[in-house]
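Open the model in your viewer and get ready to select a few residues with me. We will go step by step, and at each stop I will tell you what is there.

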Amino acid sequence: MIFGWVLEAYAASDNLAASTIHVNGVTDMIRQAGPMVKAVLLMLLLLSVACWAVILIKSRMLHRARRESSQFMEMYWNRKSFSSLYRDSKNFDDSHIVQVFQVGYEELGRLNKYLDFTSGDESRLDPEALLESVERAMRGAMLAESQRLERFVPLLATTGNTAPFIGLFGTVWGIMTSFQEIGLKGAANLAVVAPGISEALVATAIG
């Protein structure tokens with residue numbers, strides 16, 4: 001009986017060695033994975049590429065915005081005329097501070113024209129309402145710039161929250177594959193279970 005157990009163990013080790021000859025790394029495990037696990041890995045790869053693209057684009061955008069905002073603030077404190085500052089601010093397209101300043105200056109210019117037009121009618125002048133109009137325009141510009149800078153950022157949060165669960169789905173699918181192989185072959189040795197478990201672990205790691 002003991003001799004029979006030894007032979008069975010030796011045969012199982014041979015089968016395991018034969019099954020692992022062709023699996024030399026993660027690349028081979030991915031290549032031999034099932035269609036569903038490959039689909040999960042492809043989805044995770046696409047999400048990863050999208051996230052890195054957003055990170056790189058936003059990093060460059062924020063770097064330019066900080067640089068141009070710093071240059072504009074130096075001009076702001078050194079200039080005595082808002083008209084010349086507004087004219088030169090056209091060169092700073094990526095600065096959020098510049099965009100807010102331009103909107104406020106344009107609204108102020110519009111109100112100055114309105115005051116010149118209604119200078120003969122004192123009852124229509126309301127300085128507080130005019131200043132509130134400028135403030136409202138600048139708040140709208142601040143909101144627009146905030147939305148512009150935060151565009152596509154929710155993708156990072158969504159991917160960070162969902163990617164582990166997508167990988168977990170691949171894990172569950174790999175374990176299901178292992179149980180199916182056990183049922184089909186009627187054996188629960190390592191050579192039968194290992195391929196499905198390896199698929200599951202790869203999906204978990206990438207997720």
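## Stop 1: the core

Start by selecting Phe72, Met75, Leu85, Tyr86, Phe92, Val98 and Phe101: these seven residues make up the largest nonpolar core. Helix 3, helix 4 (82-88) and helix 5 (96-117) each contribute at least two residues to this core. Keep in mind as you look around that this is a predicted model.

Now pick tyrosine 86 from that set. Apart from neighbours within four places in sequence, tyrosine 86 is in contact with Phe101, Gln102, Tyr105 and Glu106.

## Stop 2: the aromatic rings

Next, show the side chains of Phe72, Tyr76, Trp77, Phe82, Tyr86, Phe101 and Tyr105, which form one aromatic cluster. The structure holds seven aromatic pairs. Zoom in on tyrosine 76 and tryptophan 77, an edge-to-face pair with 5.2 Å from centre to centre and 80° between the planes. Tyrosine 76 counts as partly exposed, at 29% relative accessibility, while tryptophan 77 counts as exposed, at 65%.

Then move to phenylalanine 82 and phenylalanine 101. Their ring centres are 6.0 Å apart and their planes are at 75°, so this pair is edge-to-face. The pair links distant parts of the chain, with phenylalanine 82 in helix 4 and phenylalanine 101 in helix 5, 19 residues apart. Is phenylalanine 101 buried or exposed? Phenylalanine 101 counts as buried because its relative accessibility is 12%, under the 20% cut-off. Phenylalanine 82, with a relative accessible area of 42%, is partly exposed.

## Stop 3: a buried glutamate

Select glutamate 68 in helix 3 (residues 35-78). Glutamate 68 is buried, with a relative accessible area of 10%. What does glutamate 68 touch, not counting residues up to four places away in sequence? Look for Phe92, Asp93, Asp94 and Ser95.

## Stop 4: a patch on the surface

Switch to a surface view and colour Phe165, Leu168, Phe169, Val172, Trp173 and Met176. Together they form a nonpolar patch with about 580 Å² of accessible area. One of them, phenylalanine 165, belongs to helix 7 (residues 153-185) and is exposed, at 59% relative accessible area.

## Last stop: the whole chain

Finally, zoom out. The protein has eight helices and zero strands, and 27% of its 207 residues count as buried.

Notes: Residues are numbered from 1 along each chain as its sequence is written. This is a predicted model: local features need pLDDT of at least 70, side-chain atom pairs count only at pLDDT 80 or more; totals for chains, interfaces and linings use all residues. Side-chain values use heavy atoms; hydrogens and water are left out. Helices (H or I, at least four residues) and strands (E, at least two) are DSSP runs, numbered from the N terminus. Buried means under 20% relative accessible area, exposed over 50%, partly exposed in between (1.4 Å probe, protein chains only). Contact means heavy atoms within 4.5 Å. Patches are made of residues with over 30% relative accessible area and no salt bridge: like charges are joined within 9 Å, nonpolar side chains (Val, Leu, Ile, Met, Phe, Trp, Tyr) within 5 Å. Accessible areas come from the Shrake-Rupley method with a 1.4 Å probe; for residues, only the protein chains shown count as cover. A salt bridge is a side-chain nitrogen of Lys or Arg within 4 Å of a carboxyl oxygen of Asp or Glu. A nonpolar core is a set of buried Ala, Val, Leu, Ile, Met, Phe, Trp, Tyr and Cys residues joined through side-chain atoms within 4.5 Å. Rings of Phe, Tyr and Trp (its six-membered ring) pair if their centres lie within 6.5 Å; planes under 30 degrees apart count as stacked, over 60 as edge-to-face and the rest as tilted.
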